[in-house]
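This report is for a reader who is meeting the structure below for the first time. Please look over the sequence and the model before reading on.

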Amino acid sequence: MPTHTFKLNGKKISVEAEDNVRLLWVLRDLLGVTGPKYGCALEVCKSCTSHINGKAFNPCSVQVKDIEPTDEVTTIEGLPATVGKDLHPMQEAWLTYDVAQCGYCQPGQIMAAVAKVKQARKEGRDITDADLDELRNICRCGTYSRIREAVKAGAEDMGA
């Protein structure tokens, strides 16, 4: 069985898995990283949203063979370490705005929001309503208005 090596949540890891296994299953079933949720396996619901090299991606749609040894995958479990705190500012905003109902989509929602804020900042601007409209993560409970408010507050707390 092939061995795949990459950086996961700040640590270099190696895992044995067939090349065609989706990264989501490698994370959840082989590595025990269960923050990215299984929802559709079609890159539609985005409940598995994580970061690869700082950008949002959906591990349900990526085969493990496509992850390079130099790639850095960050899941919700590793997000706080990116700011050196117990919780990332976006996670704190989620709690402040009481976003979660069932909570299933929340890791993906938070990871997508952080990536969107970073993208806007890289472009030299603050997050806008148009940016929020681009977030396509599905929330089965319909807490979209609280999600939008939390993203705006989290973006402010993330600083420049």
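**Annotated span**

The model is a predicted one. UniProt, in an unreviewed entry, places the feature "domain: [2Fe-2S]-binding" at residues 75–152. In the model, this span is 51% helix and 0% strand.

**Nonpolar cores**

The largest nonpolar core has 20 residues. Which of them touch the most other members? They are M90, W94, I110 and V151. At least two residues of this core come from each of helix 2 (89–96), helix 3 (106–122) and helix 5 (144–158). Another core, of 15 residues, lies apart from the largest one; its members include F6, L8, I13 and L27.

With neighbours within four places in sequence left aside, I110 is in contact with I76, L79, M90, Q91 and W94.

**Helix 2 and its cover**

P89, M90, Q91, A93 and W94 are buried residues of helix 2. What covers the buried residues of helix 2? The cover includes helix 3 and helix 5. Just after helix 2 comes D98, with a positive phi of about 45°.

**Two residues with positive phi**

Most residues other than glycine have a negative phi. Against that background, two loop residues can be noted. D98 is not a glycine, yet its phi is positive; D98 sits in the loop between helix 2 and helix 3. K46, also a residue other than glycine, has a positive phi near 70°. The loop that holds K46 runs between helix 1 (23–30) and strand 3 (50–52).

Are these residues buried or exposed? K46 has a relative accessible area of 19% and is therefore buried, the cut-off for buried being under 20%. D98, at 53%, is exposed, since exposed means over 50%.

**An aromatic pair**

The count of aromatic pairs comes to one. Its partners are W25 and Y38, whose ring centres are 5.0 Å apart. The ring planes stand at 40°, so the pair is tilted. W25 belongs to helix 1, while Y38 is in the loop between helix 1 and strand 3. The two are 13 residues apart, and the pair links distant parts of the chain. W25 is partly exposed, at 29% relative accessibility, and Y38 is partly exposed at 36%.

**The largest pocket**

The largest pocket has a volume of about 320 Å³. Its lining is made up of 18 residues. Which of these lie nearest its centre? They are K55, A56, A115, K116 and Q119. Strand 4 (55–57) and helix 3 each give at least two residues to the lining. Helix 3 provides six, the largest share.

T75 is in the loop between strand 5 (72–74) and helix 2. Its relative accessible area is 0%, so T75 is buried. Beyond neighbours within four places in sequence, T75 is in contact with L8, N9, L27, V33, P36, S50 and M111.

M111 lies in helix 3 and is buried, at 0% relative accessibility. M111 and V21 are 90 residues apart in sequence, and their C-alpha atoms are 22 Å apart in space.

R148 is in helix 5. Not counting residues up to four places away in sequence, R148 touches D129, L132 and D133. The C-alpha atoms of R148 and D71 are separated by 30 Å, and these residues are 77 apart along the chain.

The table gathers the accessibility values of residues treated above.

| Residue | Relative accessible area | Class |
|---|---|---|
| T75 | 0% | buried |
| M111 | 0% | buried |
| K46 | 19% | buried |
| R148 | 26% | partly exposed |
| W25 | 29% | partly exposed |
| Y38 | 36% | partly exposed |
| D98 | 53% | exposed |

Definitions and conventions. Residues are numbered from 1 along each chain as its sequence is written. This is a predicted model: local features need pLDDT of at least 70, side-chain atom pairs count only at pLDDT 80 or more; totals for chains, interfaces and linings use all residues. Side-chain values use heavy atoms; hydrogens and water are left out. A nonpolar core is a set of buried Ala, Val, Leu, Ile, Met, Phe, Trp, Tyr and Cys residues joined through side-chain atoms within 4.5 Å. Buried means under 20% relative accessible area, exposed over 50%, partly exposed in between (1.4 Å probe, protein chains only). Helices (H or I, at least four residues) and strands (E, at least two) are DSSP runs, numbered from the N terminus. Contact means heavy atoms within 4.5 Å. UniProt positions are given in the numbering used here, feature names are shortened, and annotations may be inferred rather than shown by experiment. Rings of Phe, Tyr and Trp (its six-membered ring) pair if their centres lie within 6.5 Å; planes under 30 degrees apart count as stacked, over 60 as edge-to-face and the rest as tilted. On a 1 Å grid over the protein atoms alone, a cavity is a set of points where a 1.4 Å probe fits but cannot get out, and a pocket is an open set with protein on both sides within 12 Å along at least five of seven lines; lining residues have an atom within 4 Å of a point. Grid points are joined across faces, edges and corners, and a volume is the space filled by probe spheres set on the points.
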